[in-house]
Amino acid sequence: MLRRNLNFQKTFSFGVFLFGRRSVEMGEVWTSCFVLLAGLCGLGFGHNTNTCEEVRKVFQLRQIGPNQLLPLSPRAGSDLQVCSSKNLTCCTKKMEEKYQVAARRDIQNLLQMSSTSLKFLISRNVAGFQETFELLMRQAENHTNAALQGLHHSMADQAAGPVRELFTDISLFLLGSELSVDELVQRFFDALFPVVYNHLINPGPGEISPGYAECVRSSRRNLRPFGGTPELLAFQISRSGVFGKLLLQALHLGIEVINTTDHLQLSRECRRALLKMHYCPHCQGLTQSKPCMGYCLNVMRGCLASMAEIDAHWREFVRSLEGLSARMQGPQDLEQVLLGVHALLRDAVRHAQKSGPRFSAQVHKVCGTPSRKPTQSGSIQLSSSSSSSKDSIPLKAPVRVFGDSLAVRRRDFLTSLRHYRTYYGGLADQLCVSELVFGDGQSCWNGTDIVKSYTLRVVGNGIKAQSGNPEVKVKDADPVINQIIDKLKHINQLLQGKSIPKLGSLDQIETGSGDAEGRYSGDCDDEDGCGGSGGGDVKRKVSRVSKMSPDATGDHRHHHHYHHHPPVEDAATEGRSTGQRLTGAVWVLILPCLHMLPAM
């Protein structure tokens, strides 16, 4: 810069000296004028006076488009829509279109990168909770089989199938299937009663016939041989299970919220503002410039205004998960309930055995005399019993092998999630501070020039605050964001216990209700690939992104980090401002030449 100012001062002094000499011939003066004018014009676009080489390097490095789009030398930019300038430019209209696509891509990649750790945290814990549920199911099943074996080996072998079906159904219920817990528990005890009757209530030579076993099964609900245990077990599983199920549903929704905001549709005003902030300075050869902090905040807060509306509901979502976890204690602790099934079942079978004569008489009244068929040899039964024993956990083993695994996992997860409770409220600021701007005290781009600081008003976050945004006009909230906010409100009410749904109806939280289509706040034009340039609002389907995958459509390998680009030498970072300062000087030197015209 200093060197450029010295060169200009020498040139200016030389011009004044030329026009101050009265003895110079008229032809010599005009020759000097033309030479001086040519030199000054060359000072208007950096050191490389007739090439756009630096712009071409960055254009190629960032793979924005084919190099054939670039002009060989600076040109007039009257055809540009956003990056227009009175100075010469290294951009064409086609380049401007490519720059706009690149600016939108860069921001969407930044959004996805910023949410990666949060998305991974939730996804990892969804998988972890599901795995823990499955391990608990297997352990509870083994304990139950062991308890039955302690009562009667052969009975336990025949009950193994119904026991397995019971815990499979409970697992399906927890993972989201629309099953009635009361019905699946009653069905288990229906299947268990003929086995208990055959071995403990009315034992005899051989097995009761299938027809008689079906009659015994059908009489169970009227005879109630297991007392109130079926109802108690169904109540405990329903009460603790709905909390476990709700926890998984909430985490699935958390991933859906993040995937939705990662692929947010940007409005036309936002896309133009991003182009102006990121790539318009390239058109003037300022390939190393970065936006001023205030300028960046206005652009990003305007573009992410709808997303900022999620902030209050996301904070409440984190608080509600903490409240749910606090209530998952004691009889509402799913782990405690599942690992206590074997004790309830053992007591229920003993109750039926203790009142065996009475229940035997009642069954005889309903089903008649038992008909039996020959049994297999004792050696075969012993072998079967031994095989089953190998797969079971002895009653002497500690019941809570996992300890407080679910509780510890919930605690660790919520401790980590708490760090992200302000994620949506500070996202625009985070992107500007960590990714997009220079440090304090450095010259920056304000949308039109390189300056020391941004002087316009900086607005706050959210839709209402954008009414005075000087960089981005924001109309209404994105309807897709409104839809995700409605889902957050719904799940928060469920997590807080203000609205308890019927079993199975929690799936509505994932899919939503009502119209699956929504209008978004951005205008659709040719640059979006919407298929045509006709007017009117364009409807789009609200795509459902996979909840379990950290990112359903993004490829993090191709994310663009502004600070990761290799440095590109830029000899013209102040070309625009220098050109403006030279404009007055050019006219000072040209006007004497023009005054000579009448004399000629």
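Trainee: Where is the place of Gly447?

Mentor: Gly447 sits in the loop between strand 3 and strand 4 (450-451). Keep in mind that we are looking at a predicted model.

Trainee: Why is Gly447 called buried?

Mentor: Its relative accessible area is 9%. Buried means under 20%, so Gly447 with its 9% counts as buried.

Trainee: What is Gly447 in contact with, leaving aside its neighbours within four places in sequence?

Mentor: Gly447 then touches Lys276 and Tyr295. Gly447 and Tyr295 are 152 residues apart in sequence, but their C-alpha atoms are 7.6 Å apart in space.

Trainee: Tyr295 belongs to helix 11, I see. What makes helix 11 (residues 293-303) count as largely enclosed?

Mentor: Count its buried residues: 10 of the 11 are buried, so helix 11 is largely enclosed by the rest of the structure. The buried ones are Gly294, Tyr295, Cys296, Leu297, Asn298, Val299, Met300, Arg301, Gly302 and Cys303.

Trainee: What covers the buried residues of helix 11?

Mentor: The cover includes helix 4 (93-151), helix 9 (268-278), helix 12 (305-308), helix 19 (427-436) and strand 3 (444-445).

Trainee: Helix 4 is part of that cover. How do you know how helix 4 runs relative to helix 15 (residues 341-354)?

Mentor: Their axes come within 8 Å and cross at roughly 25 degrees. Angles under 35 degrees count as roughly parallel, so helix 4 is roughly parallel to helix 15. The crossing of these two helices is right-handed.

Trainee: Which residues make that contact between helix 4 and helix 15?

Mentor: From helix 4 come His143, Thr144, Ala147, Leu148 and Leu151, and from helix 15 come Val341, His342, Leu345, Arg346, Val349 and Arg350. Sorted by class, the contact has 6 nonpolar, 3 polar and 2 charged residues.

Trainee: What makes helix 13 (residues 311-327) roughly parallel to helix 20 (residues 479-495)?

Mentor: Their axes come within 9 Å, crossing at roughly 25 degrees. That angle is under 35 degrees, so helix 13 and helix 20 count as roughly parallel. Here the crossing is left-handed.

Trainee: And which residues meet there, in helix 13 and helix 20?

Mentor: His313, Trp314, Glu316, Phe317, Ser320, Leu321, Leu324 and Arg327 of helix 13 face Ile485, Leu488, Lys489, Ile491, Asn492 and Leu495 of helix 20. By class, this contact has 8 nonpolar, 3 polar and 3 charged residues.

Trainee: At what angle do helix 6 (residues 181-201) and helix 8 cross, and what would you call it?

Mentor: The axes cross at roughly 140 degrees and come within 9 Å. The handedness is right-handed.

Trainee: Which residues of helix 6 and helix 8 meet?

Mentor: Val181, Asp182, Val185, Gln186 and Phe189 in helix 6 contact Thr229, Pro230, Glu231, Leu233, Ala234, Ile237 and Ser238 in helix 8. They divide into 7 nonpolar, 3 polar and 2 charged residues.

Trainee: Why does Gln63 count as exposed, while Arg224 is called partly exposed?

Mentor: Gln63 has 65% relative accessibility, and exposed means over 50%, so Gln63 qualifies. Arg224 is at 40%, between the 20% and 50% limits, so Arg224 is partly exposed.

Trainee: What is noted about phi of Gln63 and of Arg224?

Mentor: Gln63 is not a glycine, yet its phi is positive, about 50 degrees. Arg224, likewise a residue other than glycine, has a positive phi near 50 degrees. Gln63 lies in the loop between helix 3 (53-61) and helix 4, and Arg224 in the loop between helix 7 (210-223) and helix 8 (229-262).

Trainee: How many helices and strands does the protein have?

Mentor: There are 22 helices and 6 strands. Of the 600 residues, 48% count as buried.

Key: Residues are numbered from 1 along each chain as its sequence is written. This is a predicted model: local features need pLDDT of at least 70, side-chain atom pairs count only at pLDDT 80 or more; totals for chains, interfaces and linings use all residues. Side-chain values use heavy atoms; hydrogens and water are left out. Buried means under 20% relative accessible area, exposed over 50%, partly exposed in between (1.4 Å probe, protein chains only). Helices (H or I, at least four residues) and strands (E, at least two) are DSSP runs, numbered from the N terminus. Contact means heavy atoms within 4.5 Å. Axes are lines fitted to C-alpha atoms, for helices over the stretch in contact, and angles run from 0 to 180 degrees between N-to-C directions. Angles under 35 degrees count as roughly parallel, over 145 as roughly antiparallel, 65 to 115 as roughly perpendicular and the rest as oblique. A crossing is left-handed if the near helix is turned anticlockwise from the far one by less than a right angle, and right-handed if clockwise. Ala, Val, Leu, Ile, Met, Phe, Trp, Tyr, Cys and Pro count as nonpolar, Asp, Glu, Lys and Arg as charged, and the others, Gly among them, as polar.
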